[in-house]
Amino acid sequence: MIGVGARGPISGSSAQTAAAPRVRSEHGGWLGIDLAALDREAEIPYWIAISLVPGVGPVGFARLLRRYGSARAAWAAGPALLDALPRVPDDSAAGLARLHREGASRVAARVAVATRRAGGTIITALDAEYPPALGAADPHPPVLYLAGDPASLTRPCVAIVGTRRASGYGRSCAAEIAEELARAGVTIVSGLALGIDGQAHLAAIEAGGRSVAVLPSPLDRIYPPRHRDLAARLVATGGALISELAPGSAPGKPDFARRNRIIAGLARAVVVVEAPDRSGALLTAAAAIEHGREVFAVPGPIDAIASRGCNRLIADHQATIVTSAAALLHRIGARPGGQPVSVTSLSDPEAMVLHALLQRPASIEELLSQTDIPTGPLASTLTLLEARGLVESYGGATFHPTLTARRIGRPSGLDS
């Protein structure tokens, strides 16, 4: 049996989860739970065991932590554990009883062995290796199974998703965007599906970048089977495979809903390339909006079935239109060649204007008064800031800082 917190299949030592702001969940989540107060070494087996109970999920797990204070205390409650959950499937009680008979330590050891055989490691939200962006999403999975390099998830990530029945146009768009983002040092995240997903993964690694696939199945059952070789290439080139499902789990229908939520949580932004009206890519976009992520969509012909979902996202103002990889790079604050936009790369006029707009949106007349920059140079500065994705204009009259600019923050040395 493995020791609690043993090296090897369970990743991390006594590290704590990254301290990141979390989006409040309407149905209860991790907000307010002090993970740093938990004893990781004592908790890990119970986290693994409880995460295997049918119907618990991320929301249920957070409810248990909130009610009992720790996974260990929740486990000790036995069948009463399920009383803290509003809805559980019919097999929850039997599944919990079966796991209890085996014992949390033995369950954790068994899962750890299966994970090692699948070439992976176990990462919990108590570990420093837990992806920081996903840890900021509420709710998020308490336990992940990862094959590959966890460091690929500490870099800026952008998700590219779309239909399995991609057209040549869609494949070309996905490849161009993924290639340019990868060259800029962005990790490409997708779902390993046929069509757009697979094209995005492939373009990223062929550009010399990293790509992460979130699976709807365990690590030992790559889905779809046709992409087993692609999955192996992702890991070999410094990327990773991630699943919320434990290796060795009983075969079942792939869990696409779980996969879509994780994709959205990992990414700084989600790009939808070709999605019909009923598409998993649209569910990923919806999850991204819920998590406060930026959503982009590639427009397509109005009579193309594969583009209906993208066109509707744009028309409903749920997604920003993206017509080139370069424009997207600017919007997310990255540059070709991996040079991120930062305050140190801004000229003095750019920093001055951005500082003013971070206080409040302003017209060009107001900026003239606030910055004392002449009209011509001010107009040129605003154009440069728009091209870099830091400023956007509303009706050409009022200028606003973008989300990227807000992430950069107030330029240093310009505080009043």
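A: Begin with the word contact, which here means heavy atoms within 4.5 Å. Keep in mind that this is a predicted model.

Q: Which residues of H7 and H8 meet under that cut-off?
A: On the H7 side they are Gly 170, Arg 171, Ala 174, Ala 175, Ala 178, Glu 179 and Ala 182. Their counterparts in H8 are Ile 196, Gln 199, Ala 200, Ala 203 and Ala 204. By type, this contact of H7 with H8 has eight nonpolar, two polar and two charged residues.

Q: How do the axes of H7 and H8 lie relative to each other?
A: A pair of helices can be described by the approach of the axes, the angle and the hand. Helix H7 covers residues 168-183 and helix H8 covers residues 196-206; their axes come within 8 Å and cross at roughly 35°. The crossing of H7 and H8 is right-handed.

Q: What is the angle between H8 and H9, and what is the hand of that crossing?
A: Read this pair in the steps used above. H8 packs on helix H9 (residues 228-236) at an angle of about 35°, and the axes are 10 Å apart. Here the crossing is left-handed. Gly 198, His 201, Leu 202, Ile 205 and Glu 206 of H8 touch Leu 230, Arg 233 and Leu 234 of H9. The contact of H8 with H9 comprises four nonpolar, two polar and two charged residues.

Q: In what order do the strands of the open sheet run?
A: Strand order is read across the sheet, by pairing. Nine strands make up this open sheet, in the order S1-S2-S6-S5-S4-S3-S7-S8-S9, with mixed pairing. At its edges are strand S1 (121-124) and strand S9 (320-321), each of which pairs on one side only.

Q: Do S2 and S6 run parallel or antiparallel, and what about S5 and S6?
A: Take each pair of neighbours in turn. Strand S2 (residues 143-148) and strand S6 (residues 240-243) run antiparallel and are joined by four bridges. Tyr 145 has Ser 243 in S6 as its bridge partner, and Gly 148 has Ala 240. S5 and S6, in contrast, run parallel, with three bridges between them. Val 214 stands opposite Ile 242 in S6.

Q: Are the faces of S6 covered or open?
A: Look at the side chains on each side of the strand. Both faces of S6 are covered. Ala 240 and Ile 242 are buried on one side, and Leu 241 and Ser 243 are buried on the other.

Q: Which strands does H8 lie across, and which does H11 lie across?
A: Now compare helix and strand directions. H8 lies across strand S3 (157-162), strand S4 (187-190), strand S5 (211-214) and strand S7 (269-273), at about 140° to S3. Helix H11 (residues 280-290) lies across S3, S7 and strand S8 (294-298), and runs at about 155° to S7.

Q: Why does Pro 45 count as buried?
A: Burial is judged by relative accessible area, with a cut-off of under 20%. Pro 45 has 5% relative accessibility, so it counts as buried. Pro 45 is in helix H1 (residues 40-51).

Q: How many helices and strands does the chain have, and what share of its residues is buried?
A: The chain has 17 helices and 12 strands. Of its 416 residues, 51% count as buried. The accessible surface is about 18000 Å², and carbon and sulfur atoms account for 52% of it.

Key: Residues are numbered from 1 along each chain as its sequence is written. This is a predicted model: local features need pLDDT of at least 70, side-chain atom pairs count only at pLDDT 80 or more; totals for chains, interfaces and linings use all residues. Side-chain values use heavy atoms; hydrogens and water are left out. Axes are lines fitted to C-alpha atoms, for helices over the stretch in contact, and angles run from 0 to 180 degrees between N-to-C directions. Helices (H or I, at least four residues) and strands (E, at least two) are DSSP runs, numbered from the N terminus. A crossing is left-handed if the near helix is turned anticlockwise from the far one by less than a right angle, and right-handed if clockwise. Ala, Val, Leu, Ile, Met, Phe, Trp, Tyr, Cys and Pro count as nonpolar, Asp, Glu, Lys and Arg as charged, and the others, Gly among them, as polar. Two strands pair if DSSP finds at least two bridges between them. Buried means under 20% relative accessible area, exposed over 50%, partly exposed in between (1.4 Å probe, protein chains only). Accessible areas come from the Shrake-Rupley method with a 1.4 Å probe; for residues, only the protein chains shown count as cover.
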